[in-house]
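Let's take a friendly walk through a protein model, one residue at a time. Have a look at the picture first, and then read on.

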Amino acid sequence: MMIRTKSQIKESELEKLAIKMTEWVGTPISIIIHTFLFIAAFLFYYAGVDLCTVMLVVTTIVSLEAIYLSLFIQLSVNVTKESLEDVEEDLGEIQED
């Protein structure tokens, strides 16, 4: 029997959250929300905020989002790799039988 430590449990919960977020990013509702957020960001210009400030904030947010998207993509690759390794092991056992 394997006893899991608190850090392993928290890491597992964190991984689950990250996978859920990765799955959410690819949904149509995510696209709709992002579209509305970008429209809202540019509406600040009409509310009197300097266009350079609006562009700076939007560019910063988009850059951070791109970093997170690349991290989510790498997470997906890692999860898929682990899944394929499990399938390889199963196939090896089936071939032995």
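This is a predicted model: local features need pLDDT of at least 70, side-chain atom pairs count only at pLDDT 80 or more; totals for chains, interfaces and linings use all residues.

Leu37 counts as exposed because its relative accessibility is 54%; here buried means under 20% relative accessible area, exposed over 50%, and partly exposed in between, with a 1.4 Å probe and protein chains only. This residue sits in helix 2. Helices (H or I, at least four residues) and strands (E, at least two) are DSSP runs, numbered from the N terminus.

Residues are numbered from 1 along each chain as its sequence is written, and side-chain values use heavy atoms, leaving out hydrogens and water.

Now for the whole chain. The protein chain has 3 helices and 0 strands, giving the pattern α-α-α along the sequence. Of its 97 residues, 7% are buried. The protein chain exposes about 8,500 Å², and carbon and sulfur atoms supply 68% of that area; accessible areas come from the Shrake-Rupley method with a 1.4 Å probe, and for residues only the protein chains shown count as cover.

Where is empty space left? Rolling a probe the size of a water molecule over the atoms shows this. A pocket is an open set of points on a 1 Å grid over the protein atoms alone, where a 1.4 Å probe fits and protein lies on both sides within 12 Å along at least five of seven lines; lining residues have an atom within 4 Å of a point. The largest pocket has a volume of about 220 Å³, a volume being the space filled by probe spheres set on the points. Leu37 and Val58 are both in its lining, and so are others including His34, Phe44 and Glu65. Helix 2 (28-46) and helix 3 (51-96) each supply at least two lining residues, and the largest share, 6 residues, comes from helix 3. The lining divides into 9 nonpolar, 2 polar and 1 charged residues.

| Residue | Relative accessibility | Class |
|---|---|---|
| Thr22 | 19% | buried |
| Tyr45 | 40% | partly exposed |
| Tyr46 | 70% | exposed |

Thr22 belongs to helix 1 (residues 6-25). Which residues does Thr22 contact, leaving aside neighbours within four places in sequence? They are Phe72, Leu75 and Ser76, where contact means heavy atoms within 4.5 Å.

Tyr45 is in helix 2. Not counting residues up to four places away in sequence, Tyr45 touches Leu51 and Val54. Its C-alpha atom is 9.4 Å from that of Met55, 10 residues apart along the chain.

The model has 1 aromatic pair, by a rule that pairs rings of Phe, Tyr and Trp (its six-membered ring) if their centres lie within 6.5 Å. The rings of Tyr45 and Tyr46 have centres 5.2 Å apart and planes at 75°, so this pair is edge-to-face; planes under 30 degrees apart count as stacked, over 60 as edge-to-face and the rest as tilted.

Definitions and conventions. Ala, Val, Leu, Ile, Met, Phe, Trp, Tyr, Cys and Pro count as nonpolar, Asp, Glu, Lys and Arg as charged, and the others, Gly among them, as polar.
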